[in-house]
Amino acid sequence: MSTHAPSAARSAPFMSLSAQRGVLGAVLLIALWEGLARGLKLPTYTLPAVSQIFISIWDQRNVLVGAAGVTVAEALVGYALGALIGIGGAVWVSMQPRVRGFVLPSATAFNSVPVIAWSPLVLLWFGTGMASKFVMVALAISFTLFLSALSGLDRVDRRSVDLMRSFGAGRLAVLWRLRLPTALPLIFAGLRVATARSVLIAVVTEMLGANAGLGLLIYQAVVQVDFVQVWGAVFVASAASLTFFGIVSAIERKIVFWK
Amino acid sequence: MSALPVVSASPVARPATATRASGSAAAGWSKALRVVFALVAVAVAWEAAVVVFSIKPHYLPRLSLVLQAIAATPDAYVSGFLRTLAESLIGFASGALFGVGIGIVFFRVPVLRDMIFPIFIVSQTIPVIAFGALVVLWFGNTLLAKAIIAFYVTFFPVTVNTLLGLRSVDPRQEALMKSFGATRGQLMRQLQLPTALPQIFVALRLGASLSLVGAIVGEWFGDTTGLGVLLLQAMFNENAVGLWAALLMCALLGTLFYGVVAWVERRLVFWGAEQ
């Protein structure tokens, strides 16, 4: 953050200036929303008031927490699978320069197909249970991570590799001590983007076919024209992905401390 | 700005830049030939794998069957293709313009950036499907509603990368231009925007695929034409051939869209993206 508050520098500032402005922006938005919805007496299918949504979330908390649990579990398992496949694939390609010319164009081509288009097929193959969501999330995440990890691994300075080699380091040592640390910032950038994506893909796939989860809840609420419920489920889904995002960012700051 | 979900430095390979130095017609032809060869190889492998391993059509139908299905009812696929293309193109274009514009505004007015940017970030965690439900409700089941969904998924990465690119300008170059009396507009047009252009195009390439996702998902709320509709209908009928046919069309559209953006990028950012 470039704009710190110099005025609050006497003691440890509670919040930076930009954070204060951020809070102000959020408060203004909520006030505007509430004011519009109540002042213009908008019908709930157009825009329910924020307070109304929160009351509904509290009333429906058991249903929502249960559904969110399913969705988060799907997103997490898929995320872990996708991260393993993506980063593993990138390491493999960077160690085997010969497969690169074949793998990279195919990955790019595959990636230009909208991921979401696969979900009807995946549902047909794996059924409406959780397995299809694991597969979809893993599919979506692995390509993001493959590409960002690979561009990170490629950043390594050729001379550093030569130096380590000249001291007798093996390929694994070069990978572990040089390539991976160099790639970490980009890998984490990919991991961060992937958090929101994983929840999103899980919800979207659930909407097309599922036995439980936030996506199913949203779909049912849309069909029943219960838009307060839709907004409630949307809020919960956003909260889940924001939390996930926050956790991964915190881990990133611990591990990539030099950035 | 460490907490942003930044679409970081080009995660996507740009194979064409390597050959630009020897950018003769011969190199171009041999490249095109290789692409055709790869496509044919994939097609043959697909067809052969299904026959040799006797894969059930439920999982993977033969490519020839899929192509026959498209050839049998070309109208549905062509009109679906054009409809989805229109939706995602309108959404992409408006999202790109808005994203660059708001990125410049945020760069110029830090107060607005601090106030609104976090809201943008939160807005992107809203599952597009839920947002889509509301948009379709507000605007009806129209082309506009789908374009808005495509816009919504496109503008954010463009905003982030525009801001990022504008901030990466070397302050010494800025000082030099100012010392020659450059106005703010000149500074923006001649230094800041060109510097940000490579970053902006990284986001545009991403936005091209995202806008397509937005359009397809938007169609799932009950439209009558479009590739998303074809996908959904095939799923409900458990028609694997139809599903693969629609997938092929999606792939074609996605690759085409991405290819055009990448081509424009090579034209405009002729000096190459410095990573």
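## Before you start

What you're looking at is a predicted model, where local features need pLDDT of at least 70, side-chain atom pairs count only at pLDDT 80 or more, and totals for chains, interfaces and linings use all residues. Residues are numbered from 1 along each chain as its sequence is written, while chains are lettered from A and ligands numbered from 1 in the order in which they are written.

## The two chains

Let's begin with chain A. It has ten helices and zero strands (helices are DSSP runs of H or I with at least four residues, strands are runs of E with at least two, and both are numbered from the N terminus). Follow chain A along its sequence and you read α-α-α-α-α-α-α-α-α-α. Its C-alpha trace spans about 75 × 60 × 30 Å along the principal axes. Of its 259 residues, 43% are buried (20 or more other C-beta atoms within 10 Å of the residue's own; 12 or fewer makes a residue exposed, and anything in between partly exposed; the C-beta atoms are placed from the backbone).

Chain B also comes with ten helices and zero strands. In chain B, 43% of the 275 residues count as buried.

Now for contacts, meaning pairs of residues whose C-beta atoms, placed from the backbone, lie within 7 Å. Take the contacts between residues at least 6 apart in sequence: in chain A, 73% of them join residues at least 24 apart, and in chain B the figure is 79%.

## Where the chains touch

How many residues does each chain bring to the contact? Chain A brings 50 and chain B brings 48. On the chain A side, helices 1 (17-39), 4 (97-111), 5 (119-126), 6 (130-153), 8 (171-208), 9 (214-223) and 10 (227-255) each supply at least two residues. Helix 8 of chain A gives the most, with ten residues.

Sorted by class, the chain A side has 35 nonpolar, 13 polar and two charged residues. Here nonpolar covers Ala, Val, Leu, Ile, Met, Phe, Trp, Tyr, Cys and Pro, charged covers Asp, Glu, Lys and Arg, and the others, Gly among them, are polar.

## Two helix pairs in chain A

Helix 8 of chain A and helix 9 of chain A have axes that come within 7 Å and cross at roughly 50°. The axes are lines fitted to C-alpha atoms over the stretch in contact, with angles from 0 to 180 degrees between N-to-C directions. The two helices are therefore oblique to each other (under 35 degrees is roughly parallel, over 145 roughly antiparallel, 65 to 115 roughly perpendicular, and the rest oblique). The crossing is right-handed, with the near helix turned clockwise from the far one by less than a right angle. Residues making this contact include Val203(A) and Met207(A) from helix 8 of chain A, and Leu214(A) and Tyr219(A) from helix 9 of chain A.

Helix 3 (residues 61-95) of chain A and helix 6 of chain A come within 6 Å, crossing at roughly 35°. Their contact has 23 nonpolar, seven polar and two charged residues.

## The core

The largest nonpolar core has 141 residues. Such a core is a set of buried Ala, Val, Leu, Ile, Met, Phe, Trp, Tyr and Cys residues joined through C-beta atoms within 7 Å. Helix 8 of chain A supplies the largest share, 17 residues.

Among the residues with the most contacts inside this core are Val137(A), Ile218(A) and Ile149(B). Leaving out residues up to four places away in sequence, Ile149(B) touches residues including Val128(B), Phe131(B) and Ala215(B).

Notes:
Two residues are in contact if their C-beta atoms, placed from the backbone, lie within 7 Å.
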